[in-house]
Amino acid sequence: MKKVIAIFGALAISAGMSFAQNNDATVKQEVNMSEVTVNQTGAGNTADVHQKWGQYHETMIDQLGNANDATVYQDNTNTYTNIQQTGDANTADVYQRSRLFVGPNNVAASIELEQTGNQNNANIRQDAEAAGGGSKTNIADVKQLGDLNDVSIDQKRNTGAGFNEAGVFQNGDENYAEINQDGSGNKASQWVSGDGNSVVQDQLGNN
C-alpha cells in the first residue's frame, strides 16, 4: 500500500495517515504552513516527508514495528519534527533547514526522536541561518533504548543570537553517539548506559 500526497498552496494544511502491514507513506508539501501526521502499525513500515517553503512546518511520525524507516526533509523558517519508533529495525534520517534572509525574524529547527529496539539508527542534520539580526536556534533530543543504537547529530548556525542544543540518551547495547556543533552558544549533553558505548563531541564556538 502506498499513498502519495502533493499539496501546493498558502494555507495551513494537515495530512494524517494510518497504515497497517505493508506500510508505505510519501508526503510532499510546498505551502506557507503545513502539518503532517503519519501513524503506521505493523510490518514493513516506511515514511518519507518533504516540506518546503513558508513560515512553519510540523511533522509527527509514530511507527510501531517492525522494519521501521523514517525520512524527513524540512526547509522553512521554523520546523518541528517528532518521531516515535518502537521495534525492530528502526532508522531515522532528518534534515532541517531553517532560514530567513530578510527582516529581523527568528528561525528555529527542533527535532524529538525516540527509538525503542532493536536495530536503532538516527542521523540528524540541522542548519539555521537568518539575516537582519534574528536569532538562530537548533534543538535536537534523541532517546534510544536498545540494542544496536547509533546517533549522529550535526548542527550548524551562523553567528549571532540563538544557540545550538543537543541531548542524547542511550540505554544499551552497542551504543554510539556523535555530536558536532558549529556556532556560538552551543550546549550538548549525553547520557549512556550499557555496553559498547562510545561518545564523540565536537563543538566550535562558545560552549
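Which residues of the largest nonpolar core touch the most other members? Select Ile61, Ile83, Leu113, Ile124 and Ile153; these touch the most other members among the core's 24 residues. A nonpolar core is a set of buried Ala, Val, Leu, Ile, Met, Phe, Trp, Tyr and Cys residues joined through side-chain atoms within 4.5 Å. Buried means under 20% relative accessible area, exposed over 50%, and partly exposed in between (1.4 Å probe, protein chains only).

Before moving on, note that this is a predicted model, where local features need pLDDT of at least 70, side-chain atom pairs count only at pLDDT 80 or more, and totals for chains, interfaces and linings use all residues. Residues are numbered from 1 along each chain as its sequence is written, and side-chain values use heavy atoms, with hydrogens and water left out.

**Stop 1: Leu113.** Stay with this core member. Show its contacts (heavy atoms within 4.5 Å). Leaving aside residues up to four places away in sequence, Leu113 touches Ile83, Gln85, Ala92, Ala122, Ile124, Asp141, Val142 and Lys143.

**Stop 2: Lys143 and Phe169.** Now pick Lys143. Its charged end sits over the ring of Phe169, 5.6 Å from the ring centre. The rule asks for NZ of Lys or CZ of Arg within 6 Å of the ring centre and within 35 degrees of the ring normal. Lys187 does likewise over Phe163, at 5.7 Å.

**Stop 3: the aromatic pairs.** There are two. Rings of Phe, Tyr and Trp (its six-membered ring) pair if their centres lie within 6.5 Å; planes under 30 degrees apart count as stacked, over 60 as edge-to-face and the rest as tilted. Tyr73 and Tyr95 have ring centres 5.5 Å apart and planes at 45 degrees, so this pair is tilted. Tyr73 is partly exposed, at 22% relative accessible area. Phe169 and Trp191 have centres 4.7 Å apart and planes at 10 degrees, so they are stacked. Phe169 lies in strand β14 (residues 162-170) and Trp191 in strand β16 (residues 186-192), so the pair ties together parts 22 residues apart in sequence. Strands are DSSP runs (E, at least two residues), numbered from the N terminus.

**Stop 4: the salt bridges.** The whole structure has two. Each needs a side-chain nitrogen of Lys or Arg within 4 Å of a carboxyl oxygen of Asp or Glu. Select Lys28 and Glu30: N to O is 3.4 Å. Lys28 is partly exposed at 36%, while Glu30 is buried at 11%. Then select Arg125 and Asp127, at 3.3 Å.

**Last stop: Ala177.** Find it in strand β15 (residues 177-182). Ala177 is buried, at 0% relative accessibility.

Terms used. Helices (H or I, at least four residues) and strands (E, at least two) are DSSP runs, numbered from the N terminus.
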